[in-house]
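Here is a short report for a reader meeting this structure for the first time. Please look over the sequence and the model before reading on.

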Amino acid sequence: MPRTLGFSGVTEYAEVFEKFGLAAAESIYPYAPVFRGLVAGRDAVVKRTHSAEAMGRWVRHLDATGFPVVTPLAGPHRIGEHDWVAYPWIEGRLYDGSAADLADAGRLLGRMHADLDSDAGLARFDWPDHDAASVEEDVTGLDRTLAAHLPQARGELMGRFTPLIEGFMTTTLPAVRDAELPAADVSVDFKAVNLVYTADGPVLVDPDNGERIPRLLDLALAVLFFHNDLPAGPGRLFDDVEWRLFRDAYLGCVQLTGTERELWPTALLYMVLEWGVWAVINGGEAGDWELPRQRALFTDLLTFDVNRFPLTS
C-alpha cells in the first residue's frame, strides 16, 4: 500500500484526462492520483486499477449478487504503465463511528468473505520471501522511525519487534501459509475511508487493491487499519465495544473454520509484522507521524496485544 504525495495531475496526467474526456483537475486524494469530474455526462472518479479485466469481472459479479460496490463507467484504458478506470461518484457520507456504521461495515466484509466459490481471476496473494538484508532493513527502519517519533518507547518496542521480525520467515509465515486457509476474492484494503454510507448502507468505493488471498489475513488487515487515514478519526484501532459490534456483524455472515479460529492471533501478528511495520516506517517518510491521529494510531498498532480482538465474547 505505497503512498506518494503531491499529485497535481494537471500536466502529468494530461493523457488520462483526454482519454476519459475529463477536465484537468487536482487529485482529490493526497496519496494517489484520483480525479473527479464528468465522464460521459456522469459525475465520476477516474483512478488507477490493477488486474483490470479480472477486477471488472469481480466487481460486476459482486454487483450482480446485490453487494454494494462501484462498477466501471468507462475503461479500463492502458495509459503509460497503468490501467485506468472511471467509476461513478457515490453520494453519501463518511463513516461516523456509530454502532450502526460499525455493524454495517462488519456485515459488508462478512458478505465478501462468505463468497468462496467465485473466482474472477484476480491476482493470487504473493507470499513474502525475506532475506537477511530485507530483515535488517525492516529492523533498522523501525529503529530509526521510533528514535525520531516515539523515543520514550524505542527500547521496549525494539526489544519486542526485533526477534519477531527476525523469526517471521521461520515461525509466523509458515504457520499461516501452510495451513491452507480458505481464500476469497477480497479488496485487501477494507477501511472506513473506502466506504461511502448511503441511505441503503455502505458502498465499497475503492476495490482496486483486490486479490485472491486467505480471508483471515484480510480480516486481520481490516481490524488493524479500519481507522487508518480517516479524517478526524479516533487515532486508534477498534476499542472493545467497536470490535464486538464489527465482529458480531461479520460473523453473522461468514462461518470461519476451526483452523481459521485457531490461527486468528497468528494472522493478526502476521499483518502487524508485514503491513504494520511497513506502514509505521513509511509513515515516517510520508509525514504521517506529524498528524496527531496517525501518530496515535501507529502507537496503538505497535503496542496492542494480539489477544485484544477475540472471536468469541
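## Elements and confidence

Helices (H or I, at least four residues) and strands (E, at least two) are DSSP runs, numbered from the N terminus. With that naming, Glu 180 sits in the loop between helix H6 (168–177) and strand S5.

The model is predicted. Its pLDDT averages 94 over the chain, and 97% of the residues score at least 70. Residues 1–6 have a pLDDT below 50. Beyond near neighbours in sequence, that stretch makes 18 contacts in the model.

## The largest pocket

The largest pocket holds about 1,700 Å³ of space. It is lined by 50 residues, and the closest to its centre are Tyr 29, Asp 189, Asn 194, Asp 206 and Asn 209. By residue type, the lining has 28 nonpolar, eight polar and 14 charged members.

Where is Asp 189 found? Asp 189 belongs to the loop between strand S5 (183–186) and strand S6 (195–198). Its relative accessible area is 11%, so Asp 189 is buried, the cut-off being under 20%. The side chains of Asp 189 and Asn 209 are joined by a polar contact of 3.0 Å. Setting aside residues up to four places away in sequence, Asp 189 touches Asn 194, Asp 206, Asn 209, Asp 218 and Leu 221.

## The second largest pocket

The second largest pocket contains about 280 Å³ of space. Its lining has 14 residues, and those closest to its centre are Ser 134, Glu 137, Asp 138, Trp 278 and Ile 281. Helix H4 (132–149) and helix H9 each supply at least two lining residues. H9 gives the largest share, seven residues. The lining divides into four nonpolar, five polar and five charged residues.

Arg 215 is placed in helix H7 (residues 215–225). Is Arg 215 buried or exposed? Its relative accessible area is 3%, so Arg 215 is buried. Not counting residues up to four places away in sequence, Arg 215 touches several residues, among them His 113, Leu 116, Pro 182, Val 254 and Glu 260.

Met 158 is placed in helix H5 (residues 154–166). Met 158 counts as buried because its relative accessibility is 10%. Leaving aside neighbours within four places in sequence, Met 158 is in contact with Val 139, Leu 142, Asp 143, Leu 146 and Pro 163. Met 158 and Asp 143 are 15 residues apart along the chain, and their C-alpha atoms are separated by 6.7 Å.

## Backbone details

Which residues does a cis peptide bond join? The bond links Gly 75 and Pro 76, with omega at about 10 degrees. Pro 76 lies in strand S3 (residues 74–79).

Glu 180 has a positive phi, near 50 degrees, and is a residue other than glycine. At 75% relative accessibility, Glu 180 counts as exposed, the cut-off being over 50%.

Val 188 also has a positive phi without being glycine, with a value near 55 degrees. Val 188 lies in the loop between S5 and S6. Its relative accessible area is 6%, so Val 188 is buried.

How values were computed. Residues numbered from 1 in each chain as written. Predicted model: local features only at pLDDT ≥ 70, side-chain atom pairs only at ≥ 80, totals over all residues. Heavy atoms only, no water. Buried < 20%, exposed > 50% of the residue type's maximum accessible area, 1.4 Å probe, protein only. Polar contact = N/O pair within 3.5 Å; in protein donor to acceptor, adjacent residues only side chain to side chain. Contact = heavy atoms within 4.5 Å. 1 Å grid on protein atoms, 1.4 Å probe; cavity = no way out; pocket = protein on both sides within 12 Å on 5 of 7 lines; lining within 4 Å. Points joined across faces, edges and corners; volume = space filled by probe spheres on them. Nonpolar A, V, L, I, M, F, W, Y, C, P; charged D, E, K, R; others polar. pLDDT = per-residue confidence, 0-100.
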